[in-house]
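Subject: Structure for you to look at

Hello,

Here is the structure I promised to pass on. Please open it and keep it in view while you read my notes.

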Amino acid sequence: MKLDFLGTTKRTHMCGELRASHEGQRVTLMGWVARRRDLGQLIFIDLRDRTGLTQIVFKTDIDREIHEKAEQLRTEFVVAIEGTVLRREANTVNRNHPTGEIEVVASLLKVLNEAQTTPFPIDDNIATSEDIRLKYRYLDLRRPKMQANFRQRHEVTMAARKYLNDQGYYEIETPFLTKSTPEGARDYLVPSRFHRGKFYALPQSPQLFKQLLMVSGFDKYFQIVRCFRDEDIRADRQPEFTQIDIEHSFPHLDEFFMSIEGLIASIFATSRATLSHPFPRLSYSEAMRRYGTDKPDTRFEMEILDLGPLVGKTEFVPYRKALDTGGVVRAICAKGCAKYSRKQTDELAETAKIFGASALATIKVTSEGVQSTLEKALGKPLVVELAAATHALVGDLLLIAAGEKKVVEESLGAVRLQVARQEKLLEGPARWNFLWVTDFPMFEWSETDQRFVAMHHPFTSPVEEDIENGLIERDPGKVRAKAYDLVLNGSEIGGGSIRIHRWDVQARVFKALGLSDEEARQRFGFFLEALQYGTPPHGGIALGLDRIMTILTGEPSLRSVIAFPKTATYVDLMTESPSPVDQHQLDELGIVIKP
């Protein structure tokens, strides 16, 4: 069909704006044809833009030429409509749409572009595979749910900017092309054409730059920033992600936590959620002891219980060995789960084994008494005593693991979450259970590298007492860090710390990580030098915007809140990247591809 030019036609309203109060007004709307219904002398279309839908009607008795033109419309055609807003008859009102009380009777139609039949319907209720939707992402983004997600994401970032501005923070941009500092996840490397054999790296975070801004005297900084990590493939990770990055000088931790809680409250207010704060706090050791993870989901109970004092009198070899070698015997009480079949408890045991547990024993409390796989090993009286000590009631299931402390905690933590999912404890109305996890260990031992590595990052400050008593050199595994994570419903949505602001302490931490003076100078020389020019105490946090949006929108995957995401294998199906490059590009950079 012959297409029209936009010309001087100007849009007066968005499709989702019109209400009964606009009755009689002449309006101009522009958008996509979402649906078309031909009833002969009447043709109806639903016109869609990012704000919603408006019903347009073309009538032969008003303008036969426009009616004939409307007969050629198909879904996803781009059109401009001029017409008059009329109130619908009572029996035709559509209560499912905000614009359902009105319709626009068209007196002008401009067809601005045609559209081929789309690979899938532009509809929220589609069963199309995610791969197809990612290949045609620009079409997938037209769906009302996706439009709503990104409207909300915009509102969140604007709320964050307003709040931080009101708190006295400056938004300052930091470089994307920077120095590779391979400590933690792998860097994405960018070859330099002008300096052959040398490379930039895309930042895993603006960590060093934001600390340098504190050295520069800016006092309070923030940035909504893109970051890049070449991590091993995981189902719900992205190689590039966005964080709300914050740093400030002369920190007082309680005041800083209160400020961040205010920011989170402002963000969640965009969804009309009211948060109560201050948020609860748990130390790392307490979180691991009670929940088996440093990001516990506190929307349900089922805390880990210590059975060591009770089973300490037994000679049952697995439990005796665990306790004699400094390990633990612990359990969770799964309410109402005594009904579980052998198959179901075996599945829980397999989950525990993934995290290193050798076995998962069970005690069931039923109306017929206490039943357990441990009766022969422990004796009936002790089994009954264990059930009573854990306050297990009729219908409850005790799940017990023994061994090295970290293994038992993580195994029962994973089993706890599996039971919660199976019992649908996480379903129902939205609940926002926030939690600060504090007092992390500074270092953890890496079996792969055979050395201590930083649990957070090497710029985190140790606790003053551990600095002064020489624990960094004597026993790095016992050094405590001034680090903290913000957890929401079992997901870490932010991590931060008070930073090292003294050159001598930073040098000691690098040595504890196995870096020689020369290696530290090569990787971080500019930063170590900066610390010698009057660096104030400082600290901050990075909040994961993508994770926050996934939770806020209730989406199952963060790919639904990133405009152009990669697949689970880090491939962009739309642009077909990563992709080969021309040989002359490689030659310019002096790069040879090895098989």
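By class, how many nonpolar, polar and charged residues does the lining of the largest cavity have? Keep in mind that this is a predicted model. The lining has five nonpolar residues, no polar ones and two charged ones. Its residues are Leu134, Arg137, Phe564, Pro565, Asp572, Leu573 and Met574. The volume of this cavity is about 30 Å³. The count of cavities of 30 Å³ or more comes to one.

Next, the barrel. Five strands close into it, in the order S1-S2-S3-S5-S4, and their pairing is mixed. On average, neighbouring strands of this sheet are turned by 55 degrees against each other, direction ignored. Look at S3 (residues 52–59) and S5 (residues 102–113): they run parallel and are joined by two bridges. Valine 57 stands opposite valine 105 in S5.

Now the aromatic rings. The structure holds 18 aromatic pairs. In one of them, phenylalanine 268 and phenylalanine 434 have ring centres 5.3 Å apart and planes at 80 degrees, so the pair is edge-to-face. Phenylalanine 268 sits in helix H6 (residues 253–269) and phenylalanine 434 in strand S17 (residues 434–438), so the pair ties together parts 166 residues apart in sequence. Both phenylalanine 268 and phenylalanine 434 are buried.

Tryptophan 445 and phenylalanine 452 also pair edge-to-face, because their planes stand at 80 degrees, with ring centres 5.1 Å apart. Tryptophan 445 has 42% relative accessibility, so it counts as partly exposed. Finally, find the aromatic cluster formed by Phe256, Phe257, Trp436 and Tyr484.

Best wishes

Methods:
Residues numbered from 1 in each chain as written. Predicted model: local features only at pLDDT ≥ 70, side-chain atom pairs only at ≥ 80, totals over all residues. Heavy atoms only, no water. Pairing = 2+ DSSP bridges. Helix = DSSP H or I, 4+ residues; strand = E, 2+ residues; numbered from the N terminus. Axes fitted to C-alpha atoms, helices over the stretch in contact; angles between N-to-C directions. 1 Å grid on protein atoms, 1.4 Å probe; cavity = no way out; pocket = protein on both sides within 12 Å on 5 of 7 lines; lining within 4 Å. Points joined across faces, edges and corners; volume = space filled by probe spheres on them. Nonpolar A, V, L, I, M, F, W, Y, C, P; charged D, E, K, R; others polar. Phe/Tyr/Trp six-rings, centres within 6.5 Å; stacked < 30°, edge-to-face > 60°. Buried < 20%, exposed > 50% of the residue type's maximum accessible area, 1.4 Å probe, protein only.
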